[in-house]
Amino acid sequence: MILTVTLNTALDVTYTVDALVPHGSHRVGEVTERPGGKGLNVARVLGALGHDAVVTGFVGGATGDVLRGLLAPLPPRDALVEVAGNTRRTLAITDRSTGDTTQLNEPGPQVSSAEWAAFLRTYEELVAGADAVALCGSLPPGIHVGAYAELVRIARSAAVPVLLDTSGEPLRRGIAARPDLVKPNAEELARLTGSRDPLRAAGDARRRGAHAVVASLGPEGVLALTPDGVWRAAPPAPVRGNPTGAGDSAVAGLLSALAEGLDWPERLARAVALSTATVLAPTAGEFDATAYAELLPRVTVEPHTPTP
Ligand SMILES: O=P(O)(O)OC[C@H]1O[C@](O)(CO)[C@@H](O)[C@H]1O
């Protein structure tokens, strides 16, 4: 079983408009609602790949009920912990004229220390039966910035591989707790390390405690610094589309391949093929299964030798 943690789950709402104009009034052509937050996206992709995935984190209020209702028919198993506050919504506005998406993320519900303690009990039980854990996304208000570091330490003491995908101070503290893998994008790495050179920044993140770093470089694929080597993996050609959830699909690719005992080049190929197939899917956070099957053998994975 692969466990994904989404402390700040979300009802992901997508609006499609003909053209998004700042200060303008818009008629929304199409509205979709999906159970979201990064770990839920990861678990959905894991489910689509045939893996047993369990989702935990916080859920509450009327929005939480809608989220749980939408999650119920899907493969990931629901082990979310109820809180008194209302689960947040995120709003993605897709502009048909450009294909670009604008994202607005609410902060999420206030979580009390009693609710955090209840979550920790659930998490410890679930980790004991997990083959791998992914800790994903932002923290809701009330959760301390060292929360992911605490969850990394619990997974490590249970000898369960743990992947961390967050940003800012929670990422900095989480890395110091020595996760097996982090998957920042280039912007997050630059904010963490002060370096805009992904190779240098990923090396710095490893020195801070991450055993391996897979940096997502958008349409250019990923750069991986691991104990077994350094690789660049890239799709056959850059694609245009909606990148929402592409990073989450990359996490699902890395975790599923890890759970199947595949080596680093195969893990990276899967991560790049899945994230590219997610950009190509019309609905944010879904992946195009046909595109994935076509892309997988065409992803290039090469040992990376830095230019002098
Ligand atoms: O937790 P955050 O960093 O705010 O990210 C959440 C959002 O990111 C996405 O997972 C896309 O990666 C959306 O589904 C949305 O819920």
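# Reading charges, cores and a ligand site

User: How many salt bridges are there, and what rule counts them?

Analyst: The rule takes a side-chain nitrogen of Lys or Arg within 4 Å of a carboxyl oxygen of Asp or Glu. By that rule the count comes to 13 salt bridges. This is a predicted model, where local features need pLDDT of at least 70 and side-chain atom pairs count only at pLDDT 80 or more, while totals for chains, interfaces and linings use all residues. Residues are numbered from 1 along each chain as its sequence is written, and side-chain values use heavy atoms, leaving out hydrogens and water.

User: Which residue does E169 pair with, and where do the two lie?

Analyst: Start with how helices are assigned. Helices (H or I, at least four residues) and strands (E, at least two) are DSSP runs, numbered from the N terminus. E169 forms a salt bridge with R172, with the closest N and O atoms 2.7 Å apart. Both sit in helix α5 (residues 168-176), three residues apart, about one turn of the helix.

User: Are E169 and R172 buried, partly exposed or exposed, and why?

Analyst: Buried means under 20%, exposed means over 50%, and partly exposed is in between (1.4 Å probe, protein chains only). E169 counts as partly exposed because its relative accessibility is 28%. R172 is also partly exposed, at 39%.

User: What about R88: where is it, and how far away is the nearest side chain of opposite charge?

Analyst: First, the charge rule. Lys and Arg count as positive, Asp and Glu as negative; His and the chain ends are not counted. R88 is found in strand β7 (residues 88-95). R88 is buried yet has no salt bridge; the nearest side chain of opposite charge, D12, is 6.5 Å away.

User: Which backbone oxygen does the R88 side chain reach?

Analyst: That of T9, at 3.3 Å. This is a polar contact: a pair of N or O atoms within 3.5 Å. Within protein, one atom must be able to donate a hydrogen and the other to accept it, and residues adjacent in sequence count only if both atoms are side-chain atoms. Contact in general means heavy atoms within 4.5 Å. Not counting residues up to four places away in sequence, R88 touches residues including T9, N105, E106 and S138.

User: Which residues come nearest to the ligand?

Analyst: A residue is near a molecule if one of its heavy atoms lies within 4 Å of it. Of the 13 residues around the ligand, D12, K38, R88, S138 and D248 come nearest. An N or O atom in the R88 side chain is 2.9 Å from a ligand oxygen. A polar side-chain atom of D248 lies 2.8 Å from an oxygen atom of the ligand. G37 uses a backbone N or O atom, 2.9 Å from a ligand oxygen.

User: How do I read a nonpolar core?

Analyst: In soluble globular proteins, nonpolar side chains tend to be buried together. A core is a set of buried Ala, Val, Leu, Ile, Met, Phe, Trp, Tyr and Cys residues joined through side-chain atoms within 4.5 Å. In the largest core, of 45 residues, L3, L7, Y123, V133, L135 and L151 touch the most other members. Helix α4 (residues 147-157) gives the most to this core, with seven residues. A second, separate core of 41 residues includes L163, A212, A233 and A273.
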